[in-house]
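Let's take a friendly walk through this model. Please have the viewer open beside you as you read.

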Amino acid sequence: MVFDLSSAYANSQSSYWALQQSELTPSCIVVPSTTSEVSDAISIISTIESCNFAIKGAGHGTVVGATNIDGGVKFDMSQLNEDRKSVV
């Protein structure tokens, strides 16, 4: 998990194709490297009623809020190294 003062946060925020996505400010960014980490993180945040999240794949989404979020948790899948067939 990375926060706004880290270089990993800045790199994730600056890697969008559409500028309007990078203008949103997530509270934190989860950068999983395995499907198990994705599953664990989603399991944890799904128990928090007011915790919203967005998932960033390649960063090409143009609809504001589709791949980034204001004040929620962003999942940046850029470091996911496993077979991407399923996340359970």
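Beyond its neighbours within four places in sequence, Val-31 is in contact with Val-2, Glu-37, Asp-76 and Gln-79 (contact means heavy atoms within 4.5 Å). This is a predicted model, in which local features need pLDDT of at least 70 and side-chain atom pairs count only at pLDDT 80 or more, while totals for chains, interfaces and linings use all residues. Residues are numbered from 1 along each chain as its sequence is written, and side-chain values use heavy atoms, with hydrogens and water left out.

**Around Val-31**

You will find Val-31 in the loop between S1 and H3. Helices (H or I, at least four residues) and strands (E, at least two) are DSSP runs, numbered from the N terminus. With a relative accessible area of 30%, Val-31 is partly exposed; buried means under 20%, exposed over 50% and partly exposed in between, using a 1.4 Å probe and protein chains only. Val-2 is 29 residues from Val-31 in sequence, yet their C-alpha atoms are 7.6 Å apart in space.

**The sheet**

In what order do the strands of the open sheet lie? The order is S1-S3-S2, with 3 strands in parallel pairing; two strands pair if DSSP finds at least two bridges between them. Strand S1 (28–30) and S2 stand at the edges with a single partner strand each, so one side of each has no neighbour in the sheet. From one strand to the next, the twist averages 25°. S1 and S3 are joined by 3 bridges, and S2 and S3 by 4 bridges.

Several residues face each other across these pairings. Phe-75 in S3 has Val-30 opposite and also Ile-55 opposite, while Phe-53 stands opposite Val-73 in S3. Along S3, Val-73 and Phe-75 point one way and Lys-74 and Asp-76 the other way, and all are buried.

Helix H3 (residues 35–45) lies across S1, S2 and S3, and runs at about 170° to S3. Axes here are lines fitted to C-alpha atoms, for helices over the stretch in contact, and angles run from 0 to 180 degrees between N-to-C directions.

A search of the whole structure finds 1 salt bridge, defined as a side-chain nitrogen of Lys or Arg within 4 Å of a carboxyl oxygen of Asp or Glu. The partners are Lys-56 and Asp-76, at 3.9 Å from N to O. Lys-56 belongs to strand S2 (residues 53–56) and Asp-76 to strand S3 (residues 73–76), so the pair ties together parts that are 20 residues apart in sequence. The charged end of Lys-56 also sits over the ring of Tyr-16, 5.1 Å from its centre; this calls for NZ of Lys or CZ of Arg within 6 Å of the ring centre and within 35 degrees of the ring normal.

Rings of Phe, Tyr and Trp (its six-membered ring) pair if their centres lie within 6.5 Å, with planes under 30 degrees apart counted as stacked, over 60 as edge-to-face and the rest as tilted. Phe-53 and Phe-75 have ring centres 5.5 Å apart and planes at 70°, so the pair is edge-to-face. Phe-53 in strand S2 and Phe-75 in strand S3 are 22 residues apart.

Here is how accessible the partners are:

| Residue | Relative accessibility | Class |
|---|---|---|
| Lys-56 | 3% | buried |
| Asp-76 | 4% | buried |
| Phe-53 | 36% | partly exposed |
| Phe-75 | 0% | buried |
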